[in-house]
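Keep the structure open beside the text as you go.

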Amino acid sequence: MRHRRTALSALAGLGLAAATLAAVPAQSATAQTTTATKSAAVSSYAQYEGSKENAANNKAFYQAVMKSVAKKRAANPGATAVTVVYNASSAPSFRAQISRSAQIWNSSVSNVKLQEGSNADFRYYEGNDSRGSYASTDGHGRGYIFLDYRQNQQYDSTRVTAHETGHVLGLPDNYRGPCSELMSGGGPGPSCTNAYPNSTERARVNSLWRYGIKAG
C-alpha cells in the first residue's frame, strides 16, 4: 500500500512538472506577443512622426496659435508680454503633465508664457491613436494637441507633453537629435526621460517670440 502511494505521488509529481513545463511556452508566447505589439506601436509612431503629414500639421498648428494670439494682441496693443492660453479640460488624465510642461517652458524662455484659462488659443485632447501624440488643427483654424494613452505609457509622459507643447512655440521635430534635445521626441527611445529644451531650443523660441508674434 505504501509502495502504491509512493508511486501515485511520483506520478502526481511528474504530472505537475509536465503541466508546469507546458505552461512555460504559453507564458513566453504572451510575452513575445506583448513585445511585438509594443514594437509595432513604436514603429507606427516613428512612421507618422517622420512623415510630411506630421510636419505640415505641426506648421498649421503653430500658425493657428499665432493667428489666435495676434487677434488678442491687436485688441490689447499695450500688453507687454505674449501670453498663449491653453485649455486642458478635454485631457483630464494628463493635467499634471500639461501643467508641468507649461512650468518647464515658462521657466526656460522669457518672451512668451503659457497660461491655462478661458478663450484659449489651443486645446489638449486625450485618447487612442495609432499615430501616437501629435499637434494639429481641426480644419477650422483652431489648434490642438492630442495625447495618446499608449504612447504616454511607453514613453516618459512629461517629455511627450513638453515635446508636443514645443510645437505651440514654433519648434519643429528633429528625431535624429540626442535625448538632451526635447524636440528629438521619441527618436532616442523610451529610455529618454528628459523633458527640458536645450539652450538652442530655448534661444530659438525666444527669437520667434521676441517681437510679439513676428518670427525672428
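Helices here are DSSP runs of H or I with at least four residues, strands are runs of E with at least two, and both are numbered from the N terminus. By that count, Val109 sits in the loop between H3 and S2. One thing to keep in mind throughout: this is a predicted model.

**The overall layout**

The chain has six helices and five strands. Going along the sequence, they come in the order α-α-β-α-β-β-β-β-α-α-α. Of the 216 residues in the chain, 39% are buried. Among contacts with a separation of 6 or more, 61% are between residues 24 or more positions apart.

Val109 counts as buried because its relative accessibility is 5%, and buried means under 20%. Setting aside neighbours within four places in sequence, Val109 is in contact with Arg202, Val205 and Asn206. The C-alpha atom of Val109 is also 9.7 Å from that of Trp209, although the two residues are 100 apart along the chain.

Helix H6 covers residues 199–208, and its buried residues are Glu201, Val205, Asn206, Ser207 and Leu208. What covers them includes H2, H3 and S2. At the start of H6, a side-chain oxygen of Asn198 comes to within 3.2 Å of the backbone nitrogen of Thr200.

**Where H3 meets H5**

How do H3 and H5 pack, and at what angle? Helix H3 (residues 95–108) and helix H5 (residues 157–168) pack at about 60°, with their axes 9 Å apart. That angle makes H3 oblique to H5. The crossing of H3 past H5 is right-handed. On the H3 side, the contact uses Gln97, Ile98, Arg100, Ser101, Ile104 and Trp105; on the H5 side, it uses Ser157, Thr158, Thr161, Ala162, Thr165 and Gly166. Sorted by class, that's four nonpolar, seven polar and one charged residues.

An α-helix has 3.6 residues a turn, so residues three or four places apart point the same way.

**Two residues of H5**

Ser157 is in helix H5. With 11% relative accessibility, Ser157 counts as buried. Its side chain makes a polar contact with the side chain of Asn152 at 2.7 Å. Not counting residues up to four places away in sequence, Ser157 touches Phe94, Gln97 and Asn152.

At 2% relative accessibility, His167 is buried. What does the side chain of His167 reach? It reaches the backbone oxygen of Leu171, at 2.7 Å. Leaving out residues up to four places away, His167 touches Asn58, Phe61, Tyr62, Ala135, Pro172, Asp173 and Met183.

Val84 lies in strand S1, which covers residues 82–90. Is Val84 buried or exposed? Val84 is at 0% relative accessibility, so it counts as buried. Beyond its neighbours within four places, Val84 is in contact with Val65, Val69, Val112, Lys113, Leu114, Gln115, Asp121, Phe122, Val168 and Trp209.

Gln63 belongs to helix H2 (residues 52–75). Gln63 is partly exposed, with a relative accessible area of 46%.

| Pair | Apart in sequence | C-alpha to C-alpha |
|---|---|---|
| Val109 and Trp209 | 100 residues | 9.7 Å |
| Gln63 and Gly170 | 107 residues | 8.5 Å |
| Val84 and Ala120 | 36 residues | 7.8 Å |

**A loop residue with a positive phi**

Last stop: Asn119, in the loop between strand S2 (112–116) and strand S3 (122–127). Phi of Asn119 is near 55°, a positive value in a residue other than glycine. Asn119 is exposed, because its relative accessible area is 59% and exposed means over 50%.

Note on methods: Residues numbered from 1 in each chain as written. Predicted model: local features only at pLDDT ≥ 70, side-chain atom pairs only at ≥ 80, totals over all residues. Heavy atoms only, no water. Axes fitted to C-alpha atoms, helices over the stretch in contact; angles between N-to-C directions. Parallel < 35°, antiparallel > 145°, perpendicular 65-115°, else oblique. Left-handed = near helix turned anticlockwise from the far one by under 90°. Contact = heavy atoms within 4.5 Å. Nonpolar A, V, L, I, M, F, W, Y, C, P; charged D, E, K, R; others polar. Buried < 20%, exposed > 50% of the residue type's maximum accessible area, 1.4 Å probe, protein only. Polar contact = N/O pair within 3.5 Å; in protein donor to acceptor, adjacent residues only side chain to side chain.
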